[in-house]
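Please work through the exercises below with the sequence and the model side by side, trying each task before reading its solution.

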Amino acid sequence: MGETEQRPTAGSRLGAQENAGISTLEHGQKPPMTPPGKLVSIKIQMLDDTQETFDVPQRAPGKVLHDAVCNHLNLVEGDYFGLEFPDHKKMMVWLDLLKPVMKQIRRPKHVVVKFVVKFFPPDHAQLQEELTRYLFALQVKQDLAQGRLTCNDTSTALLISHIVQSEIGDFDETIDREHLAKNKYIPQQEALEDKIMEFHRSHMGQTPAESDFQLLEIARRLEMYGIRLHPAKDREGTKINLAVANTGILVFQGHTKINAFNWAKVRKLSFKRKRFLIKLRPDVNSSFQDTLEFLMASRDFCKSFWKICVEHHAFFRLFEEPKPKPKPVLFSRGSSFRFSGRTQKQVLDYVKEGGHKKVQFERKHSKIHSIRSLTAQPSEQHTEVPKQSSSFAYGDDNDAAAVQSCRQGKELKASTEDTGQHKSPSLKKSPKEGRKVDGAVVSTVEEEEEAAKDRMQQNRPQSQQPSTGSLTGSPHLSELSINSQGGPSVANMSLSPNLSPDAKQSSPLISPLLNDPSCIRTDDEEEVKRKRFPTEKAYFIAKEVATTERTYLKDLEVITSWFQSAVSKEDCMPETLKNLIFSNFEPLHKFHTGFLKEIEQRLALWEGRSNAHIKGDYQRIGDVMLKNIQSMKQLTIHLWKHNEILMELENGIKNSRKLETFCRDFELQKVCYLPLNTFLLRPLHRLMHYKQIMERLCKHYPPSHVDFRDSRAALAEISEMVAQLHGNMIKMENFQKLHELKKDLIGIDNLVIPGREFIRLGSLSKLSGKGLQQRMFFLFNDILLYTSRGLTASNQFKVHGHLPLYGMTIEESEEEWGVPHCLTLRGQHQSIVVAASTRAEMDKWTEDIQMAIDLAEKSSGPAPELLASSPPDNKSPDETTVDQESEDDLSASRTSLERQSPHRGNTTVHVCWHRNTSVSMIDFSIAVENQLSGNLLRKFKNSNGWQKLWVVFTNFCMFFYKSHQDNHPLASLPLLGYSLTIPSESENIHKDYVFKLHFKSHVYYFRAESEYTFERWMEVIRSATSSASRTRALSHKEPHAY
C-alpha cells in the first residue's frame, strides 16, 4: 500500500502547528478519558466553510470531539463555540458534551456537524484572542448571508464594508467592484454596492484584526445579533418566537422584539411536554403573572430550547461549572441535564492567567497580510479599542548594539513584501511587549519568567540572547493593550484583558540588561561578599538611608533634570511657573547630592574600606543625620512652596491645552515611572522616611550607646519638621489624588471641587438586566461614581452614573438576589445592587460607604450635581447597562482612535480593575510611608540561578533596575492581589532571608542580604499585598480646601 497523501487541515490553514493544541481545560485538570475501541469518523464543517474529519472512539463523550476541534485550531476560548447537527428528526440540536457521541449522532457517515458560535457575550471585547474574534466575525458574515442577522441598509453596508476591508485591504474602486461581483454577502447585494464602497473608502489603513473588532462592535448593537428564533405560541395562541441571549429570554413577533425576561427576574425554567414554563420572581410593579407558559411544536423542540436556556444561564451568570446532581436512590424525577464546561468567568480568568501560548493563524478569505496576533488582555479583562504599538528599545545609547543584536531574527516584520506566493501569509507570533506602570514603559516580571523558561529550553549558543517569547497573558495584569505615542522610543502598555487589534507595527520587548545571563550571581560569590561587611543592625539601618536616598535623588532629577530639559525645548509653560518649580527644587537637589555623598563616605568607613574602623569612630550614623537634618531646616521655605507648585501646575494644565499635552507626553517617557505630580510631593514624603528611620535607630540603640544622643536629637528635629508640614501634606495628597483620578475618568468635568475628599476606589460587580457586570467604583465623601472600561484608545473609564451619599442607605442583600457578597445601595432617586469579589472586600466597602454616608448627613445638604460631558445612565438594576448607539453613531466608532489621545493604561485604577480589588486613601497614605530601595536577588519558579537587581518599592509596585545608576526601570511588578509568604521545605529554596510572592500561577522568590533588610522588605510589601482596614475616619472638621 502506498503512503496516504497529506491533505491540508483546518489547523494548518490557520497556521497551527501539528500536535500543538491548547486544551480548553483549567490548568492542572486532566482531559476526559478517551475510551478504547473502534474509531468513528465525524465530519466537521468549520466557520470558513471547509470540512475536516475527526476520528473519535465510539464511546467517547461529546467533550472529546469538541476539545479535538478546539485543539486542532489552537483555539483557547473554545467554550464560546459549540457543535450543532441535525438529529434523526432533522431538528438542529447542540452536541451534549457529557453524552457519548454515538448516542447522539446515529449515522455519522451521513451527518455533517457544524462548528459554530454558541454563546455571544454582551461585549465582544471580552473575547481576548484575535483568533476568537476572527471566528466570531466569520459567524456574523455567515448570519448575514443566511438572513439570520437582519438590520437596516446602513448597518448592513457598514458591516459588509468591514468584511471587505479585512479581505482585500484598502479601498480601490476597480478591485472593490470586482470583489463584490464575485462575493455575495447578502441577497440583493447590488442595491447596496455604492454604499458599501463609500463606507469602505473610510477604512484606509485598517488591519484585518481592526476590521473584525469594528465589525463586532457594530453587530453587537443589532437586535438580532446572536439570536436564533424558536417558533412558539403564547396562551392566546398568537404565533411568536422565543430566543435566549446572555441577558435572558427574549420574545419576538417576527423579527421584532416585544418582550424580554432578564435572568435577574427569572426564578425557574421548566418544561412539561410541549409547554415551556418561565417562573418569575414576584414583583409588585409588574403586570406579569407569576408563571408564563408558551406552547412549542413538540416535546423535543421544547426540551431542546430549555437545554440551551439552562446553558446560557450557567455560562453567563455562574462563577463556576455547576456540580452534578446526586443520583436518586429509587426513582428519578425530571431531567438530569446540566451545563458542562467552563463558565465565561472561568474562561476570562484562564486567559488572564496566561496559561497558553499565542499561535499564528491565517485568514482564509483575506488577500492581505495581517500584522500580528493580538490578545485581549489585561486587561486585564475587559474591553479595549484597537491600539497601535510602536517599536522601542530599552537602555541608553550605549545599549544600542546589544538591542540591535537581540532584534535580529526576533523582531516582527510589518512589511508586506511579495514573496511570490499567492497564499496569504500567516500571522506572525507576537513577541512580548513592555508595559507602562503609572507612566513608565516597562516590561513585566511575568514576561521575563516566560522568557526564562524559553531560554532553559534552548541550546547554549542561543541562550546568550534574551528570548522575546510570545505575547502571553499576565495573570495580574490581565491583558495587554497597546497605544501608539507616535515615536520610536515610546509605547504604552495597558493592562487590559481584552486587547483590541490595532497594531500596525509589532513592538518587541527587548530588555537585554534584565535578562543578561552575566547578571546571574553564584551562591559562593554572594557568601564571600556577605562575609566582608558588618553584620550589626545599625549598619543596615544606615545602609537603608543610603539606598533610599539614591532613589530619592533620582526622583528629584526627574524634575530638575529631565522635566526642566524638556520644558526648555518647548514654549508651553509660563516663565512664572518655571521659576516657581525649578527655583524650589534645585536647592533641594543640590543639598541632597551632598547629603548622599556624606552618607556613602561614612558607610565606606564603616565597612572597613579605610583604617578608621579600627578606632570605631565611624561605626555610627546619628551624627551625620543630626548635622544634615539641622541644615535641612533651612530648606523648609522651599517645602512650604510645594502646595503652591502643585496647584499652579494643575491650573496651568487646566488653562492651556499645549501644557496639558506636554505634561501628558512627558509622563509617557520611561524615566517618569510615576505620575508627574507624585514627584512634586516626594520631598514631603522623604521627611516621613527620615523620621521612621530615626525611630528604628533610637529603638535599636541602648541609651548608653555612643550614637544614641545624636540619633535622639536628630529624631526630635525631624519630628518637628514633619509635624509642621503634616497637615499641608494631607491636603496636597488628596488634591493630587483627585487630579490623578480625573485623568482616568471621562464623562465628568468637575471632579475636583473644594471640600471633596477621595475615600476608596475598586472593582465591584453591578447587577443589571445583563447579569453581573464589572464596574469600577469611586467613593468620595459626598458621592459614589460607577464607571466601565471605555471602548476608547485612551484606556480611561467612562462614568455610567453617580449616587449622592446624602440620604443613602446600605444593606446586605445576598439572600434577596442569590449573589454572594451582595449589597443594595438605596439613594433618594436610584438604587443599585453590587457584589464584591470576597467577603473582606464587601466589609471594606460597607465600612467606608457607611462612614461616607455619615459624613454626608452631617454636611449642609446634598452634594452639587456633577457636570457630565456625556449623560450618565441612571438605570435600575433590572435595566440594561450597555450603552446603546444610534445608527448615525455606528459609523462614528471607526474614528475613535483619531479622536482619543493616548493615556496611561497601567495606573493603580487599572490594576484594581484587572485584579478585582480595591484601594482606599488610607492604603495610599500607608504606601507613601512604606517605600524602600535596595539590591535583591530574584529567582523564578522554574529557574536555577539568582539574578541581582536594584529594586524600588513604591506606589504598590516593585520596579526593577540593573543598578541604582539606571535612569528608568526595566520591569515592574504591581503587587495588589499578591500573597506574601515564606517558601516551604518542599520548594527546595535552601537559602536564608528568602520571601515568596505568589499570584495565581506566577511565583517569584526574592532574597535579601540580612535579617534586617529581609524584615523590612516583608514589612513594606505586606502593606501593599494586604490593604489595611479602616483605622481612622476622615475628619469632616478639616476639609481639604484649596
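The model is predicted, so local features need pLDDT of at least 70 and side-chain atom pairs count only at pLDDT 80 or more, while totals for chains, interfaces and linings use all residues. Residues are numbered from 1 along each chain as its sequence is written, and side-chain values use heavy atoms, with hydrogens and water left out.

**Exercise 1.** Find which residues Arg-550 is in contact with, leaving aside its neighbours within four places in sequence.

Solution. Begin with helix α15 (residues 537–569), where Arg-550 is found; helices are DSSP runs of H or I with at least four residues, numbered from the N terminus. Next, list the contacts (heavy atoms within 4.5 Å), which are Leu-596, Glu-600, Trp-950 and His-964. Finally, examine the side chains of Arg-550 and Glu-600, which a polar contact of 3.0 Å joins; such a contact is a pair of N or O atoms within 3.5 Å, one able to donate a hydrogen and the other to accept it, and residues adjacent in sequence count only if both atoms are side-chain atoms.

**Exercise 2.** Determine how many residues of α2 are buried.

Solution. Helix α2 covers residues 62–73 and has 12 residues. Of these, 9 are buried, so α2 is largely enclosed by the rest of the structure; buried means under 20% relative accessible area, with a 1.4 Å probe and protein chains only. Among them are Gly-62, Lys-63 and Leu-73. After α2 comes Asn-74, with a positive phi near 55°.

**Exercise 3.** Identify which helix gives the most to the lining of the largest cavity.

Solution. Consider α22, α23, α28 and α29, each of which supplies at least two residues of this lining.

How values were computed
The expected span of a helix is 1.5 Å times one less than its number of residues. Buried means under 20% relative accessible area, exposed over 50%, partly exposed in between (1.4 Å probe, protein chains only).
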